[in-house]
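I opened a notebook page for this chain. The entries below follow the order in which I looked things up.

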Amino acid sequence: MMRFSQEKSSKAMEELDFERGVCFPFRKYTPETVRENVLGSRGAVFSLFGRGVEILSKLGIYWITLFYDRLVGRGLEIVPLRAEQLRNLLCDLGPSFIKSGQVLANRPDIVREDYMNELCILQDDVPSFPNKIAFTIIEEEVGAPLEQIFSKISSETIAAASLGQVYRATLRGSVEEVAIKVQRPEIEPIIYRDLFLFRTLASFLNGISLEKLGCNAELIVDEFGEKLLEELDYTLEARNIEDFLENFKDDPTVKIPRVYKEFSGSRVLVMEWIDGIRCTDPQAIKEAGICITDFLTVGVSAALRQLLEFGLFHGDPHPGNIFSMRDGRIAYVDFGNVAVLSQQNKQILIDAVVHAVNEDYVEMANDFTRLGFLAPGTDVTPIVPALEAIWQNSVGKGVADFNFRSVTEKFNKLVYQYPIRIPERFSLVIRSLLTQEGICFTLQPDFKFLEVAYPYVAKRLLTDPDPALRERLIQVLFKDGVFQWKRLENLIVLAKEQVAIMSRNPALQEASRQDIGNRRVERKLDLTDTLKDGARVVILDASIRRKLLLALTEDSKLHIQELMDIYRLVEGEFDIPSLAIDLVQRLPVATRDMMLAWSESVLVDR
């Protein structure tokens with residue numbers, strides 16, 4: 001029986017890795033690790049029994065009230081009260097349940113919207129634990145008295161969350177202010193015990209979960225458990241911060257706090273204090289001399305870089321975790337909850353953008369399967385019209401009217417009609433985008449997300465040297481075999497707009513003046529490498545040459561005017577001498593390849 005259970009759990013974890021598109025050589029969470037940790041502890045049976053009785057009794061009473069409501073015919077008027085009672089119940093049951101409530105607040109495939117809205121409160125309003133206990137934990141982790149490390153520490157918590165709380169302090173012997181994140185006491189055994197009970201319960205719900213969501217319930221618990229144990233280890237959060245620092249090291253518009261690893265451990269994290277302006281205070285941002293539109297452009301660009309370039313995405317960007325620095329930079333804090341996307345996932349997301357632009361809804365549905373929203377082998381035929389309706393309704397009046405919340409609300413209804421399950425990492429991505437869009441609306445009520453996102457995507461498609469993106473650019477420019485002149489023109493205009501707005505940022509201008517390191521200081525849209533690659537593809541790829549010739553002679557006329565319009569747009573945006581040298585250097589190889597291709601075609605014809 002135990003062997004069979006282990007085989008099932010291993011299969012679930014393999015499925016989790018498969019849908020990610022990547023395997024991790026080491027993970028803190030496995031069902032076997034949780035089982036051994038719980039059952040190997042002293043008094044495990046009594047502890048599990050006692051905790052099980054507590055959970056079942058409290059949840060049982062709650063479910064009885066729901067059943068009674070249904071029995072006596074109470075309607076929607078009772079829902080706000082029951083949702084609030086559920087939130088209080090989760091707080092009463094401890095950190096595992098608070099965290100599960102925070103996760104459920106982002107899972108429309110599992111929880112209805114009115115309950116989701118109430119559970120969202122758990123992300124900001126969690127009771128703190130006593131200072132005396134917190135300070136003892138700090139001293140244990142640092143290995144020295146508080147006064148030896150810090151000359152000053154706040155008497156009250158700055159923020160409290162499900163797994164820990166934050167204090168503000170000053171390092172002794174300096175004026176450097178730091179944030180100290182302290183883990184809740186004795187939390188790890190509680191988390192392991194609850195995860196064991198969660199998974200045991202999930203094993204009885206696999207049939208229902210497979211029918212409703214297209215996956216077994218144990219897989220959902222495994223996703224939750226893996227993220228929870230990662231957040232529990234502050235050394236992993238320190239590593240996340242270092243990864244973010246590395247990713248944005250050449251971007252002067254983004255501020256990531258420094259980690260003081262010498263004062264940090266698995267239960268305590270000391271990092272640079274971010275003295276910024278709360279991102280939901282437009283008046284203070286304006287008073288600092290920062291243009292709201294430019295700040296939003298920086299924020300959206302930073303978010304899209306995390307998602308589409310780095311594959312390491314801040315999973316909890318609520319207003320308490322994002323700040324505007326007084327020099328126009330955007331600053332992030334709290335990196336315990338991050339979404340990790342594989343290279344394969346990033347490429348599929350870009351494919352989905354291309355398919356949306358080309359209105360290829362069948363391929364969009366297939367992208368959902370490849371990303372893990374649908375089980376492999378699912379017939380996507382019934383889903384295609386629903387996706388088309390959602391997208392057409394969202395951008396039918398124009399790109400400017402698109403917003404993520406309306407799309408998400410429509411998609412939430414879709415998950416109840418089809419066997420769609422939102423993978424944990426994408427629930428983080430969706431929540432993150434929704435939260436950031438909400439922040440943007442607070443700063444600028446008429447904010448249009450795609451008006452900011454499209455220029456970034458356009459610039460990336462036109463300038464990124466990644467061969468996969470070059471291929472996507474070709475897909476965007478050719479629809480049904482026809483070259484899209486207007487689309488190319490729009491891409492160039494939007495990309496130039498992105499560079500112009502970013503170049504106005506005060507932090508970027510200061511970096512340009514100081515010429516700090518190898519900063520990404522861009523004053524113009526540099527298309528030199530793109531044109532080099534384009535010339536190479538045209539010379540070597542006969543099918544592309546044929547398509548371009550057809551584009552130039554479409555409708556029995558030469559499209560000289562379109563070419564001239566494109567040239568006027570890109571004039572001054574590339575290095576002519578460098579391009580000429582590259583073409584001359586490539587000419588012998590290109591000539592040889594063309595001759596070989598021609599001779600092969602002659603031989604085939606004969």
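Predicted model: local features only at pLDDT ≥ 70, side-chain atom pairs only at ≥ 80, totals over all residues.

Residues are numbered from 1 along each chain as its sequence is written, and side-chain values use heavy atoms, with hydrogens and water left out.

I looked up the elements and found 27 helices and 13 strands. They are DSSP runs numbered from the N terminus (helices H or I, at least four residues; strands E, at least two).

I checked burial next (buried: under 20% relative accessible area, 1.4 Å probe, protein chains only). Buried residues are 49% of the 606 in the chain. In strand β6, residues 268-272, four of the five residues are buried.

I then followed the pairing of β6 (strands pair if DSSP finds at least two bridges between them). Strand β4, residues 177-183, runs antiparallel to β6 and is joined to β6 by five bridges. K181 is opposite L269 of β6.

I turned to an open sheet of four strands, ordered β5-β10-β9-β7 with mixed pairing. β5 (254-255) and β7 (277-278) are at the edges with a single partner strand each, so one side of each has no neighbour in the sheet. Two bridges link β7 to the antiparallel β9, residues 322-324. R278 has F323 in β9 as its bridge partner.

Terms used: Buried < 20%, exposed > 50% of the residue type's maximum accessible area, 1.4 Å probe, protein only.
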